[in-house]
Amino acid sequence: MDKIILQKYIEGNASQEEIKRVTEWLDRDDDHVREFMALHKLYDISLFNLPPVASGRRIGKDPFHFRKIMYELVKIAAIFLLAGTSLYVLSNREKGKVAPAYQTLYVPTGQRAELVLPDSTHIWLNARSRLTYPVQFGSKSREIFLDGEAYLKVSHDKNLPFIVNTEQLSIEVLGTEFNVSAYSNTTHAEVSLLTGSIRLTSSLVPESYLMQRGETVKLENGHFIPALTPDADYFKWKDGLLCFNNEPVEQMLRKLELYYDVHIDNQNRALEQIRYTGKFRTKDGIEQVLKVLQIEQKFTYTRDHELNLITIK
């Protein structure tokens, strides 16, 4: 990857096409992530050594805000902040207006991240999740964009609605605590409400849905399907735990595929009938989960790193 493009990316000056190239490059290899982090560290060090800004002089990006976000992420290994799109000018029709600057946070396979937005909203991001948010919220709403899974504690402001946009649906809240799982490469989305109230809308469903506390709603086949939230342990992924409570093994495998970005070919049909209860540390990796399952169930597996495939027999 061109070092100039990486530097532009880190500084927040990359174009949309360059952002896409860097993101795809990071996803391909862990060595790319390490190289990126090394460059990012040099950039952070340079921020601390910047000379004082002269009175009245403006800079295009607030380094103190950037450092605050980085400090939040230092708690978690292998998480990196992807610089968002820089300021850009709208068409001549809206000449003189400037669109907001955005930051994008991406969480690699098997990791998680935690950050606090400018309005004090607290967000935890699960593995393979991407969050895009403005450096500064507007005067009418607080709007963010999510691809993946997140747990949110939204700071209450009745005059400034908080909106989470995903590929499948939008979630509007005033102040609440909830979990949303909406990966773009899956066919469904799921929202669990712990406190407060939220309204779900989707282009796939004609009417909105007002969620109640303790409810989980799935978006499947053009319908909102409500149910009681079965187990609060499920949300402990934000603490680095994968928790399963009487869950079908086949469903467990689908979650492992999602979190660890690997394809699992289960050729042992007997496993599909088994249910499992247990907890695993995310950082221990997918093979630790499989080895624990082998203690109770007889099966073997092989892993092909080139094909990114685990085959269970």
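The structure is a predicted model, in which local features need pLDDT of at least 70 and side-chain atom pairs count only at pLDDT 80 or more, while totals for chains, interfaces and linings use all residues. Residues are numbered from 1 along each chain as its sequence is written, and side-chain values use heavy atoms, with hydrogens and water left out.

## Overall layout

Let's begin with the whole chain. The protein has six helices and 19 strands; helices (H or I, at least four residues) and strands (E, at least two) are DSSP runs, numbered from the N terminus. Of its 313 residues, 47% are buried. Here buried means under 20% relative accessible area, exposed means over 50%, and partly exposed lies in between, with a 1.4 Å probe and protein chains only. Among contacts between residues at least 6 apart in sequence, 48% join residues at least 24 apart, where contact means heavy atoms within 4.5 Å.

## Two nonpolar cores

A nonpolar core is a set of buried Ala, Val, Leu, Ile, Met, Phe, Trp, Tyr and Cys residues joined through side-chain atoms within 4.5 Å. The largest one has 33 residues, and those touching the most other members are Leu-125, Ile-144, Leu-152, Ile-171 and Phe-178. Strand S6 (residues 142–153) supplies the largest share of this core, with four residues. There is also a second, separate core of 30 residues, which includes Val-249, Met-252, Leu-253 and Phe-280.

Apart from its neighbours within four places in sequence, Leu-152 is in contact with residues including Ile-123, Ile-144, Phe-162, Val-164, Phe-178 and Val-180.

## Cavity and pocket

Grid points are joined across faces, edges and corners, and a volume is the space filled by probe spheres set on the points.

The structure holds one cavity of 30 Å³ or more, and the largest cavity contains about 50 Å³ of space. Its lining consists of Tyr-234, Trp-237, Leu-241, Leu-242, Cys-243, Phe-244, Lys-255 and Tyr-259. Strand S15 (241–248) and helix H5 (249–260) each give two or more residues to this lining, and S15 gives the most, with four. By class, the lining has seven nonpolar, no polar and one charged residues; Ala, Val, Leu, Ile, Met, Phe, Trp, Tyr, Cys and Pro count as nonpolar, Asp, Glu, Lys and Arg as charged, and the others, Gly among them, as polar.

The largest pocket has a volume of about 970 Å³. It is lined by 39 residues, of which Glu-190, Lys-218, Glu-247, Gln-251 and Lys-255 are the closest to its centre. Elements giving two or more residues to this lining include strand S9 (177–182), strand S10 (189–195), S15 and H5. The pocket lining divides into 15 nonpolar, eleven polar and 13 charged residues.

## Buried polar and charged residues

Asn-126 is found in the loop between strand S4 (122–125) and strand S5 (130–134). Leaving aside neighbours within four places in sequence, Asn-126 is in contact with Val-107, Gln-111, Glu-149, Tyr-183, Trp-237 and Tyr-259. Glu-114 and Asn-126 are twelve residues apart in sequence and 9.1 Å apart in space, C-alpha to C-alpha.

Both have side-chain polar contacts, listed below. A polar contact is a pair of N or O atoms within 3.5 Å; within protein, one must be able to donate a hydrogen and the other to accept it, and residues adjacent in sequence count only if both atoms are side-chain atoms.

| Side chain | Partner side chain | Distance |
|---|---|---|
| Asn-126 | Glu-149 | 3.0 Å |
| Glu-114 | His-122 | 2.7 Å |

Asn-126 counts as buried because its relative accessible area is 3%. Glu-114, in strand S3 (residues 113–116), is also buried, at 16%.

## Two asparagines with positive phi

Asn-221, in the loop between S13 and S14, has a positive phi of about 50 degrees although it is not a glycine. Asn-221 counts as exposed, at 75% relative accessibility. Asn-308 has a positive phi of about 55 degrees and counts as partly exposed, at 31%.

How values were computed:
1 Å grid on protein atoms, 1.4 Å probe; cavity = no way out; pocket = protein on both sides within 12 Å on 5 of 7 lines; lining within 4 Å.
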